[in-house]
Structures are given as C-alpha cells and as structure tokens.
Amino acid sequence: KMVSRPRGANILGSTWAFKKKRFPDGALKKYNARFCVRGDQQIEGLDVFETFAPVVAWITVRLLLILSIILQLETQQVDYTNAFCQAPLEQTVYVELPKGFEVPNKVLHLQKSVYGLRQSPLNFYKHLREGSESKGFTKSNHDDCLFTNGDIIVLFWVDDCIFYAKESKTIDNMISSLKDEFLLEREEDMTGFLRINIYRDTNNTSLSITQTGLI
C-alpha cells in the first residue's frame with residue numbers, strides 16, 4: 001500500500017523488467033512486464049534474513065518420469081500466476097513507486113512478497129508448502145519439493161509443478177481445490193516443464209527429452 005515516506009527507513013529502489021517468454025522450441029509465447037524490487041539494496045538483519053529456497057532435484061524429476069511410464073500415471077503441469085506476489089511478507093519493506101507512477105513523498109509499504117526481494121523465493125515455498133499440507137500432502141524426507149497424499153504425487157520447481165496420479169480426474173479435483181487458495185493455471189500436460197520438451201510415444205511406453213530452444 002502507498003504510505004508517506006518514513007524517516008530513516010531503508011527505501012528500496014524499483015525497476016521494470018521486460019521479457020519475452022518462449023516455448024521450449026524457442027517460439028514466442030508471450031510478452032511479460034514485471035515490477036521488480038532492488039533486492040541488492042536490502043540490509044541483512046533489517047529487511048532480509050533467511051533466503052535459501054529449495055527446488056526439486058533433477059534426479060527426482062527423472063525418477064518420476066520413469067515411474068510415470070512404468071505405472072502408467074496421468075500427468076498435469078500447473079503454473080502459479082505471479083507466484084511470489086501470493087506469499088505473505090513478514091519483514092517491513094519499503095519500496096520506491098514504479099517509474100511512471102511516482103507520487104511526491106510517497107512510497108510503497110509491501111504487504112506481499114515481490115519479485116526481486118531476496119526472501120521472495122523462500123516465502124513462496126513456505127506458502128506453497130503450507131497450502132499443500134492443508135490439502136493432505138506430506139513432504140518427502142528425501143526431497144523438499146516432492147509431496148504426496150496417497151493418491152497424488154507433486155513436484156515443485158519454484159512456481160512450476162507437475163501432478164502425477166493414476167486417474168486424471170483425481171488431479172482435476174485437486175487443482176480445483178487448490179484454486180481456493182492459489183492463483184494458478186494449467187499448462188499443456190508436462191510438455192514444456194522448465195523449457196524442456198518431454199515427448200511420449202503413442203503407446204505411452206517411453207519418453208524422450210530435448211531442449212532445442214536453448215541451442
């Protein structure tokens with residue numbers, strides 16, 4: 001929210017980030033404009049403390065891809081919209097208003113995590129973990145981004161995730177339930193997970209992985 005500029009506070013700068021998002025093959029997907037905070041101006045112990053946030057290990061991703069073939073599991077990829085901005089912010093953080101929208105002697109007092117803050121990835125992971133546990137999921141002891149609830153397995157890589165289950169209806173019901181707490185949207189199965197093309201053969205007996213978009 002917008003507040004009067006507080007005296008003696010650490011006011012972080014802000015910037016716009018413009019990006020072209022692409023499909024795994026390199027084709028243009030959409031244009032993206034994002035308001036970001038200058039996290040490099042944060043002061044440790046004042047407006048930032050712990051910052052480490054886990055992501056799923058690639059050995060876990062590969063293992064689940066193999067199991068999806070062996071066990072004939074249905075899959076669905078989901079992307080959390082403006083993920084970091086969905087997570088609450090515990091610290092008091094003030095930010096300059098974005099360029100083009102300045103108001104004299106006014107700054108922003110952040111209520112949610114914003115892209116650029118050093119603690120935002122960790123805050124979103126905590127938010128995602130708590131939301132998943134409220135739906136009956138349990139974190140694996142071997143990977144902090146692998147969760148199961150008996151019927152569904154889910155992998156998290158920041159704001160991208162893949163659901164695995166025996167029946168697609170089980171995944172559909174869970175995604176509908178998660179929409180009560182999160183802003184999210186379905187992707188095309190798992191074909192573009194982390195900008196990687198994942199192809200199934202017609203008999204669903206093998207997978208191939210390519211990343212030609214990076215060449």
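1. Phe18 is found in strand β3, where strands (E, at least two residues) are DSSP runs numbered from the N terminus. In this predicted model, local features need pLDDT of at least 70, side-chain atom pairs count only at pLDDT 80 or more, and totals for chains, interfaces and linings use all residues. Residues are numbered from 1 along each chain as its sequence is written, and side-chain values use heavy atoms, with hydrogens and water left out.

2. Phe18 has a relative accessible area of 65% and is therefore exposed (buried is under 20%, exposed over 50%, partly exposed in between; 1.4 Å probe, protein chains only). Together with Trp16 and Phe101, Phe18 forms a nonpolar surface patch with about 380 Å² of accessible area. Patch members have over 30% relative accessible area and no salt bridge; like charges are joined within 9 Å, and nonpolar side chains (Val, Leu, Ile, Met, Phe, Trp, Tyr) within 5 Å. Areas come from the Shrake-Rupley method with a 1.4 Å probe, and for residues only the protein chains shown count as cover. A salt bridge is a side-chain nitrogen of Lys or Arg within 4 Å of a carboxyl oxygen of Asp or Glu.

3. Arg22 also lies in strand β3, which spans residues 14-22. Its relative accessibility is 36%, so Arg22 counts as partly exposed.

4. Glu185 belongs to strand β12 (residues 184-186) and is partly exposed, because its relative accessible area is 36%. Beyond its neighbours within four places in sequence, Glu185 contacts Gln77, Val78, Asp79 and Thr81 (heavy atoms within 4.5 Å). The C-alpha atoms of Glu185 and Tyr80 are 6.5 Å apart, although the two residues are 105 residues apart in sequence.

Key:
Helices (H or I, at least four residues) and strands (E, at least two) are DSSP runs, numbered from the N terminus.
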